[in-house]
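Thanks for coming. I will go through one model today, a part at a time, and keep it short.

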Amino acid sequence: MRSEIRSIPATVQPSDALISPFAFDNSYARDLVGMYAPVSPSPVPAPRLIKVNRALAADLGVDAGALESAEGVEILAGNRVPAGASPIAQAYAGHQFGGFSPQLGDGRALLLGEVIDRHGARRDIAFKGSGRTPFSRGGDGKSALGPVIREYILGEAMHALGIPTTRALAAVATGEHVRRETALPGGVLTRVAASHLRVGTFEFFAARDDRTQLQRLADYAIARHYPELASRADRYLALLQAVAERQAALIAQWMGVGFIHGVMNTDNMSISGETIDYGPCAFMEAYDPAAVFSSIDERGRYAYANQPGIARWNLARFAEALLPLIDADGKRAVALATAVIDDFPARYSAHFMRVMRDKLALDHAQPGEAVDALCNEFLSLLQQHGVDFTLGFRYLADAAAHNDERWLTLFDEPSDAQAWLQRWRAPVSLMAPEQLAQSLRRTNPVYIARNHLVEAAIAAAVADNDLQPFERLLDVLARPFDERSDAADYALPAPADYTAGYLTFCGT
């Protein structure tokens, strides 16, 4: 299977070097020719800055003031290409809801370039919603402002929770409308990632039986994300193992905060182990392993409890793409790769139980079946009583300090909770009550990006041009473990009828 990757003629000219806020060093464009299409962002009529992430800008070594200037907003909107940028749309394929699409690619995004941050790490600077590319497949390549704001909020929430994630550097309103079911205000997100390499990137070249490009891509991924593997004779098998390990850890962290990605297609699984593409995602409130909030996931393929299994399925597709590199003997390559995939459930389980032991302050208890059983019983208790996942863990800190009332009010039948509480107090009894409570509060957030709060912030920003709810929500989510009297409402779940009918959308 062969297909030509064509470019779109430039419509925006490079800006004067003096105003470029980025010190670009673009390894993907330089080293992986043939794996992308050069493309220029589409200009917009009236760009307006929504927000610059000043903390992230500082981490990148970028002057936030320059981004907030009139020239900076023109760059963030795609009206001016900064000097040193090499804007490209990356090629990738992907399994979407189990079905393979041999060519997807950046249909409404582009990689502007790469910078080296203050810690010496290479970071992508990319746009979402910047216009058509050769991979747009008839779409306009634009984004509505609502999904831009959603991704900004969710990325920052996950970052504050300590979960690897892409992050928003800036959000801009474009002054134009995009047509979806209705006409919606447009926006452009500037996203920062360790890279935008995906399982689907490897699938693109594997599907074309292009071993040369596949090997170049794999070597690039190793050099960028797993340099310790570069000298190994079995480096491609080791790459599969390393990606599996990072994904096991990542999914366990998702599960530990009740996060549901909503669209775990192979083109949305990052090789770096970051959370990427916040489309129809949501945080679960009442604990329900079958929870689904994505409007397009009608059969629950990507339900909360299915995420570890889907991660394994996606990694199997990654393994298939790598087979020609793993071993020249096809049967041996399959056997080696299969062993990695078969080991994934144990990898994931180890990470998830570590997360659970931390959340229940059982990390110092003697590990074993009794401790693991306590963790599983706690989840069963939450499910049986429909307890809010976040508060079920958080309010346990009060019970640790022998103030059981707030925690017990979460349960329909307190006697069930009290029985579990007595069993739990035995293995944690070596810690002083206040020390135990502090440990639980350090591990369990009181604030998450609750769906009704996210929607309210989006609605205010889009419909009323009121950014105060957006800014306030970001401020609260930036310190998710610090309970504040002036933010009590941000800790509370939405009414049950709101959550029961809540749906999220992919934003394309």
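Let me start with a check on helix α17, residues 451–464: at 1.5 Å a residue, its 14 residues should span 20 Å, and the end C-alpha atoms are 19 Å apart, so the two values agree. Keep in mind that this is a predicted model.

Which residues of α17 are buried? They are Asn 451, Leu 453, Val 454, Ala 457, Ile 458, Ala 460 and Ala 461. As a reminder, an α-helix has 3.6 residues a turn, so residues three or four places apart point the same way. What do the buried residues of α17 pack against? Their partners are α5 (145–160), β12 (282–283), α18 (468–477) and α19 (496–500). After the helix comes Asn 465, with a positive phi near 55°.

Arg 137 has a phi near 50°, which is positive in a residue other than glycine. Arg 137 sits in the loop between β7 and β8, where β8 is 143–144. Ala 361 is also a residue other than glycine with a positive phi, near 60°. Ala 361 lies in the loop between α10 (330–359) and α11 (369–385).

Next, strand β9, residues 167–179. Ten of its 13 residues are buried, so the strand is mostly covered. In a regular strand the side chains alternate between the two faces of the sheet.

Which strands does β9 pair with? One is β2, residues 48–52, which pairs with β9 in the antiparallel sense over four bridges. In that pairing, Val 52 stands opposite Ala 170 of β9. Another is β10, residues 183–193, which runs antiparallel to β9 and is joined to it by nine bridges. Here Ala 173 has Gly 187 of β10 as its bridge partner.

**Cavities**

Now the empty space inside. Rolling a probe the size of a water molecule over the atoms shows where empty space is left. How many cavities of 30 Å³ or more are there? The count is three.

The largest cavity holds about 80 Å³ of space. Its lining has 14 residues, and those nearest the centre are Gln 247, Trp 254, Met 264, Asn 268 and Met 269. Helix α8, residues 235–257, gives the most to this lining, with four residues. By class, the lining of the largest cavity has six nonpolar, seven polar and one charged residue.

The second largest cavity holds about 40 Å³. Which residues line the second largest cavity? The list is Gln 90, Asp 106, Ala 109, Leu 110, Leu 111, Ala 126, Phe 127, Arg 191, His 196 and Arg 198. Strands β6 (109–116) and β7 (122–128) each supply at least two residues of this lining, and β6 has the largest share, with three. The classes in the lining of the second largest cavity are five nonpolar, two polar and three charged.

I will finish with one nonpolar and one charged residue. Ile 222 is in helix α7, residues 211–225. Ile 222 counts as buried because its relative accessibility is 2%. Beyond the residues up to four places away in sequence, Ile 222 touches Pro 227, Leu 229, Ala 230, Arg 235, Tyr 236 and Leu 239. Ile 222 and Ile 271 are 49 residues apart in sequence, and their C-alpha atoms are 9.8 Å apart in space.

Asp 398 is in helix α13, residues 396–400. Is Asp 398 buried or exposed? With a relative accessible area of 9%, Asp 398 is buried. What is Asp 398 in contact with, leaving aside neighbours within four places in sequence? The contacts are Asn 403, Asp 404, Arg 406 and Arg 441.

That is the end of my part.

Definitions and conventions: Residues numbered from 1 in each chain as written. Predicted model: local features only at pLDDT ≥ 70, side-chain atom pairs only at ≥ 80, totals over all residues. Heavy atoms only, no water. Buried < 20%, exposed > 50% of the residue type's maximum accessible area, 1.4 Å probe, protein only. Pairing = 2+ DSSP bridges. 1 Å grid on protein atoms, 1.4 Å probe; cavity = no way out; pocket = protein on both sides within 12 Å on 5 of 7 lines; lining within 4 Å. Points joined across faces, edges and corners; volume = space filled by probe spheres on them. Expected span 1.5 Å × (residues − 1). Contact = heavy atoms within 4.5 Å.
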